[in-house]
Amino acid sequence: MKTSDRFLSYIAMYKLKAISIGFIVMLISICAVMSVPLLERIIESMGNKDTNSMIFWLSMTIVVYVIRSFAAYAQITLSYSLVLDIITNLRMDLFSHLQHLSLDFYDNRESGKTLSVLLADIQMIRLTLTEIFIKIFRHVLTPVGLVAYLLYMNYKLTIILMIIPLMMTVLFKKSRVIMRNASRKASESSGQIASFFQENIRGAKVVKGFGLENIQMQQMKIINHENVECIKKEARVIAIQDPFLFLAHVIASVIIIGIASAFIISGEMTPAELISYLLGVFLFIDPIREISKLNILFQRILASAGRVFELLDLKPSVIDKPGAFALNHVKGKIEFQKVDFQYQDDRSQSLTKIDLVVHPGEIIAITGESGAGKTTMVNLIPRFYDPIKGCILVDGQNIRGISLRSLRDIIGIVPQETILFSGTFQDNIAIGKPGASLEEIETAAKLANIHDFVMQQPSKYHTLVGENGAFLSEGQRQRIAIARCFLKNPDILILDEITASLDENSEKLIMNSLNRLLEKRTTFIISHRQSLLQLADRVICLDNGRIKNYAES
Ligand SMILES: Nc1ncnc2c1ncn2[C@@H]1O[C@H](COP(=O)(O)OP(=O)(O)OP(=O)(O)O)[C@@H](O)[C@H]1O
Ligand SMILES: [Mg+2]
């Protein structure tokens with residue numbers, strides 16, 4: 001489907017509001033057109049020295065403008081509401097789509113680029129659409145009505161007047177493509193700016209620590225310059241349109257006055273008719289100039305909507321197979337059968353021929369050098385990624401046939417890099433079991449040895465943890481992640497370097513709780529620490545994506 005049709009389908013979802021706006025716009029246009037014959041009647045009454053008739057037509061003019069004002073109020077209110085409906089819908093569609101995209105999307109795409117679509121492009125669509133609905137739509141029908149009336153008044157003059165829309169069409173044809181490309185490039189470079197800003201805010205410590213401030217400034221200058229150039233290109237197209245339309249207006253008016261004077265001399269037209277005709281011309285020009293902006297605004301919307309639809313069209317790489325079934329509880333036997341895995345086509349293979357059987361309740365430790373593929377291997381169990389060859393079975397079932405939701409429900413992960421959300425301690429632990437009671441949360445926190453720390457906080461479990469747990473130490477964040485797993489109580493547990501950032505004392509306390517956490521669950525422990533390796537029934541060592549050796553612990 002074309003971007004424009006697809007975007008229109010979003011407007012079509014709110015037919016009633018859109019049609020109501022259409023009717024109101026018609027009313028506004030009728031009021032605008034009526035001012036021409038009204039002025040003619042007023043001038044005529046003046047000429048006839050008929051005061052009563054003049055008062056009548058003046059009052060009628062006020063009535064028409066009062067109606068127009070009320071109609072304009074209704075149009076503005078409805079337009080805002082329609083635009084907000086469309087934007088909310090678009091934003092929700094985007095967000096829910098992003099929730100369903102697989103991790104490879106997040107690996108491969110700069111987050112700033114995605115954010116800029118969610119924020120900048122949606123904002124651009126909102127502002128532009130508001131301008132179109134509020135300012136411009138009311139002008140769309142006015143010229144049509146005016147031309148009909150002007151044709152009725154004097155068709156010869158009106159044919160000459162048509163020079164303006166003709167010039168406009170020629171101008172628009174050329175500018176349309178330039179405008180769309182310039183808008184698209186401007187949006188893309190805004191995305192680049194968003195990415196760069198985001199990286200610099202997140203990486204502030206590195207920038208300061210390595211004294212990169214000036215280098216980053218230089219880089220920003222380059223990106224900013226590119227953005228400015230794109231916007232300047234867009235501005236040039238806008239700048240050409242308005243003065244040329246104005247020129248067309250002046251030329252048409254001069255020609256009309258010249259010809260009209262000949263008509264007045266020959267008696268074909270009265271001065272009152274000429275004045276009201278010129279008012280009609282004047283009223284015609286303004287909407288035409290506004291409508292000329294419509295082209296620019298449409299191109300802007302299409303450029304931004306194109307980027308939104310591009311995101312919406314991405315398909316998640318890991319999805320439920322048709323007929324995928326749900327698992328409730330499993331015994332926890334896990335088999336890797338000749339599993340090969342590669343992140344992207346152009347990268348080297350991260351895992352090769354992984355063959356492994358883990359028995360229910362077994363604790364298996366994975367060691368190996370950094371980059372050996374330990375995290376990658378365990379990430380395949382909840383299907384964060386799918387192997388390129390081979391398969392993984394849980395209780396003898398290929399995980400590709402199990403519904404993603406139920407598969408992930410039976411697996412608890414304490415990842416290498418803890419992610420916290422900017423809520424309270426309670427919110428962050430409850431992630432393990434949405435809707436858990438405070439009592440359950442406290443029990444989990446006690447087991448993860450974070451309860452005492454939380455109780456020292458000013459609002460206890462209701463204390464905010466800051467963005468990604470900014471107010472906490474690495475060890476405290478990890479213990480929150482462990483508490484989530486106690487709360488989730490999964491059949492399969494994955495612990496990725498959970499004690500790497502803990503001091504000896506915290507590690508001891510965690511070890512005590514781990515003994516309870518690991519009871520009767522199949523567990524993968526990625527670690528180099530002897531204390532943790534001791535908990536394992538078996539230790540495997542990965543080397544460059546292959547299992548090097550097995551050892552009983
Ligand atoms: N998201 C990703 N996209 C592309 N390549 C990746 C990605 N994550 C990891 N890799 C690559 O896959 C290989 C295995 O990485 P992995 O994170 O599994 O190593 P690891 O054994 O867990 O290392 P560490 O002990 O440092 O955590 C590495 O060569 C790495 O460069
Ligand atoms: Mg790792």
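Predicted model: local features only at pLDDT ≥ 70, side-chain atom pairs only at ≥ 80, totals over all residues.
Residues are numbered from 1 along each chain as its sequence is written, and chains are lettered from A and ligands numbered from 1 in the order in which they are written.

Is Gly-373 buried or exposed? Gly-373 counts as buried because 23 C-beta neighbours lie inside 10 Å. The cut-offs are these: a residue is buried if 20 or more other C-beta atoms lie within 10 Å of its own, exposed if 12 or fewer, and partly exposed in between, with C-beta atoms placed from the backbone. Leaving aside neighbours within four places in sequence, Gly-373 is in contact with Ser-350, Leu-351, Leu-542 and Gly-545; contact asks for C-beta atoms, placed from the backbone, within 7 Å. For a sense of scale, the C-alpha atoms of Gly-373 and Lys-221 are separated by 39 Å, and the two are 152 residues apart along the chain.

From this loop, move on to the ligand. Ligand 1 is surrounded by 13 residues, the closest being Tyr-343, Ser-370, Lys-374, Thr-375 and Thr-376; a residue is near a molecule if its C-beta atom, placed from the backbone, lies within 6 Å of it. Helix α11 (residues 374-379) gives the largest share of this shell, three residues. Sorted by class, the shell holds two nonpolar, eight polar and three charged residues. Here Ala, Val, Leu, Ile, Met, Phe, Trp, Tyr, Cys and Pro count as nonpolar, Asp, Glu, Lys and Arg as charged, and the others, Gly among them, as polar.

Now step back to the whole protein. It is divided into domain 1 (3-312) and domain 2 (334-552), with bounds that come from an automatic or database domain assignment. Taken over C-alpha atoms, the centres of domain 1 and domain 2 are separated by 54 Å.

Next come the parallel strands. Strand β8 (residues 522-526) is largely enclosed by the rest of the structure, because five of its five residues are buried. On one side of β8 are Thr-522, Phe-524 and Ile-526, on the other Thr-523 and Ile-525, and all are buried. Strand β3 (residues 363-368) pairs with β8 in the parallel sense over four bridges, and Ile-366 stands opposite Ile-526 in β8; pairing requires that DSSP finds at least two bridges between the strands. Strand β7 (residues 492-496) also pairs with β8 in the parallel sense, over five bridges. There, Ile-494 stands opposite Phe-524, and Leu-495 has Ile-525 as its bridge partner. Strand β7 is itself mostly covered, with five of its five residues buried. Ile-492, Ile-494 and Asp-496 point one way from β7, and Leu-493 and Leu-495 the other way. Four bridges join β7 to strand β6 (residues 411-414), running parallel, and Gly-412 has Leu-493 in β7 as its bridge partner.

There is also an antiparallel sheet to find. Four strands form this open sheet in the order β2-β1-β4-β5. At its edges stand β2 (351-358) and β5, each with a single partner strand, so one side of each is left without a neighbour in the sheet. Inside the sheet, strand β1 (residues 334-341) and β4 pair over five bridges, with Phe-336 opposite Ile-392 in β4.

What about the nonpolar packing? In soluble globular proteins, nonpolar side chains tend to be buried together. The largest nonpolar core has 64 residues, and those with the most contacts inside it are Ile-429, Ala-444, Ile-482, Ala-483 and Phe-486. Such a core is a set of buried Ala, Val, Leu, Ile, Met, Phe, Trp, Tyr and Cys residues joined through C-beta atoms within 7 Å. Helix α16 (residues 474-488) supplies the largest share of this core, seven residues. Apart from this core lies another, of 42 residues, including Ile-24, Ile-256, Ile-301 and Ala-305.

Finally, look at two backbone details. Lys-49, in the loop between α2 (15-47) and α3 (51-100), has a positive phi of about 50° although it is not a glycine. Asp-395, in the loop between β4 (389-394) and β5 (397-398), also has a positive phi of about 50°.

Conventions
Contact = placed C-beta atoms within 7 Å.
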